[in-house]
Amino acid sequence: MNRKGIFTKLFVTNMVIVLVAFVFFCSIFLYLFHLNLYENYEEISEHYEELIKDHILLLDEVGWDNEIVRSSFELSFNQLGRNIFLYDSNGQLLYYPNNPNVVEVDRSIIVQAVSGEKFSKGMRIEEGLIYVIATPLKIDAESAREYVMVMKFNEVNHEYKQLIFMIFITFSITIAVAAIILWLTSKKMTAPLREMNHVALKLAKGNFTEKVKVRSKDEIGHLGETFNYMANELASLEQMRKDFMANVSHDLRSPLTSIKGLLVAFLDGTIPKDQTNYYYKVMKSETERLIKLVNDLLDMTQLEAGQIQLKPDSYNLTEQMRLVMVKMEPQLVKYQLDIELLSEDDDLLVVADADRIEQVLINLIQNAIQHSPPKSVIKLLIEKQGDQAVIEVEDFGRGIKTEDIEKIWERFYKTDRARSKKVGTGIGLSIVKSILDLHHSGIEVRSEVNRGTMFTFRLPLSK
């Protein structure tokens with residue numbers, strides 16, 4: 001199988017799905033992390049607000065000067081990764097971290113906080129991402145003093161870098177493991193398809209013994225079973241083709257050999273003149289047999305190819321049966337048979353293709369003639385059943401074995417395996433079934449060995 005085939009498509013498609021899903025997951029995770037990080041900053045800020053309020057009250061009670069206050073703030077609130085600034089109500093800086101590298105926040109943020117409006121926002125500066133929270137502070141209800149606490153978180157970049165690094169490590173391991181698993185599963189899933197491709201090549205070369213090993217009960221397993229069924233059907237068709245060729249060859253060769261032998265005898269003068277007419281009749285009979293075989297083959301081919309279009313019309317079925325009986329009279333006389341027509345209505349009208357139904361009736365009567373002993377009767381029955389006409393053709397011959405009933409519709413199938421009788425071509429019943437299938441009418445067979453056979457089919461009555 002081409003490596004750029006379904007295996008590659010399946011593997012690449014699954015990998016793309018995994019990548020898209022992972023990117024989607026990372027995007028949501030980063031967004032949630034972003035919200036959670038800022039929420040944590042807000043909680044930390046609120047915690048420090050309370051601490052600073054308590055600290056200022058404590059310092060007021062003790063009465064320390066500004067330097068001691070600054071040192072106290074430095075010891076208590078100087079934290080790694082975040083800075084705290086304290087402003088009075090006029091926006092004057094009272095406390096700031098004792099660190100020359102710390103940059104004071106923008107003045108507009110202080111003005112906004114002094115006016116009583118809290119400010120919290122992430123922003124980008126030269127050092128990277130920071131998060132700033134500026135909150136108005138009122139020490140207590142009795143005191144008129146107000147302050148502004150500004151808390152600046154400097155580790156936002158670091159937090160995101162750590163997260164992205166962990167995501168990258170997780171992504172790399174996940175993709176590596178997923179690629180291995182998808183490679184193995186894709187290979188396992190496409191293995192039956194490669195096997196089917198191998199078997200298909202064998203079938204194309206005429207080897208119908210190869211079968212697909214079905215290892216699962218999923219869609220691919222069902223496909224494998226269907227593939228094996230197709231192989232069996234192809235083997236049957238191939239056998240049918242061989243049987244067809246053998247049967248056609250036999251049925252064509254027999255009359256042609258007879259005709260050739262008689263022609264040679266005529267040329268050699270070995271046939272007495274007083275027997276010339278008899279052998280002419282034999283040659284005529286063999287020629288008619290050849291013509292019937294060829295006509296039947298043409299009809300069968302056209303029916304199977306769907307080239308025959310029915311022309312249904314309303315006509316008198318009872319009258320048609322009488323005319324068919326007249327046409328079959330020479331054969332009936334030849335084989336010493338009688339035929340009876342039983343009909344409750346002298347003019348029973350049906351809707352069908354009259355020419356094709358006549359072909360059905362002739363073939364069924366010929367089949368009855370072939371299997372009936374001399375001086376027996378062939379019965380034709382027509383009766384109404386609801387909105388349908390039921391037609392039966394019954395003989396009292398040797399009958400058909402139960403195991404042979406399903407096979408009689410096959411082309412060239414004959415219960416006379418030795419093909420000793422020269423009556424019929426073995427195609428008549430196949431033509432009958434094909435014509436009735438076109439009429440959407442089934443045909444039933446009831447038969448008992450040495451008791452006879454009855455064929456039954458139905459046609460819609462004319463309204």
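Trainee: At what angle do helix α9 and helix α10 pack?

Mentor: In this predicted model, helix α9 (residues 354-371) and helix α10 (residues 428-438) pack at about 145 degrees with their axes 9 Å apart, where axes are lines fitted to C-alpha atoms over the stretch in contact and angles run from 0 to 180 degrees between N-to-C directions. Helices are DSSP runs of H or I, at least four residues, numbered from the N terminus.

Trainee: And which residues of α9 and α10 meet?

Mentor: From α9, Arg356, Ile357, Gln359, Val360, Asn363, Leu364 and Asn367 meet Gly428, Leu429, Ile431, Val432, Ile435 and Leu436 of α10, a contact being heavy atoms within 4.5 Å.

Trainee: Is Gln359 buried or exposed?

Mentor: Gln359 has a relative accessible area of 16%, and it counts as buried because the limit is under 20%, with exposed over 50% and partly exposed in between (1.4 Å probe, protein chains only). Leaving out residues up to four places away in sequence, Gln359 touches Asp299, Ile431 and Ile435.

Trainee: Switching topic, where is Met166?

Mentor: Met166 lies in helix α4 (residues 156-204), and at 49% relative accessibility it is partly exposed.

Trainee: What about the whole chain, how much of it is buried?

Mentor: Of its 463 residues, 39% count as buried, and the chain has ten helices and twelve strands, strands being DSSP runs of E, at least two residues.

Trainee: Which conventions apply here?

Mentor: Residues are numbered from 1 along each chain as its sequence is written, and side-chain values use heavy atoms, without hydrogens and water. Local features need pLDDT of at least 70 and side-chain atom pairs count only at pLDDT 80 or more, while totals for chains, interfaces and linings use all residues.
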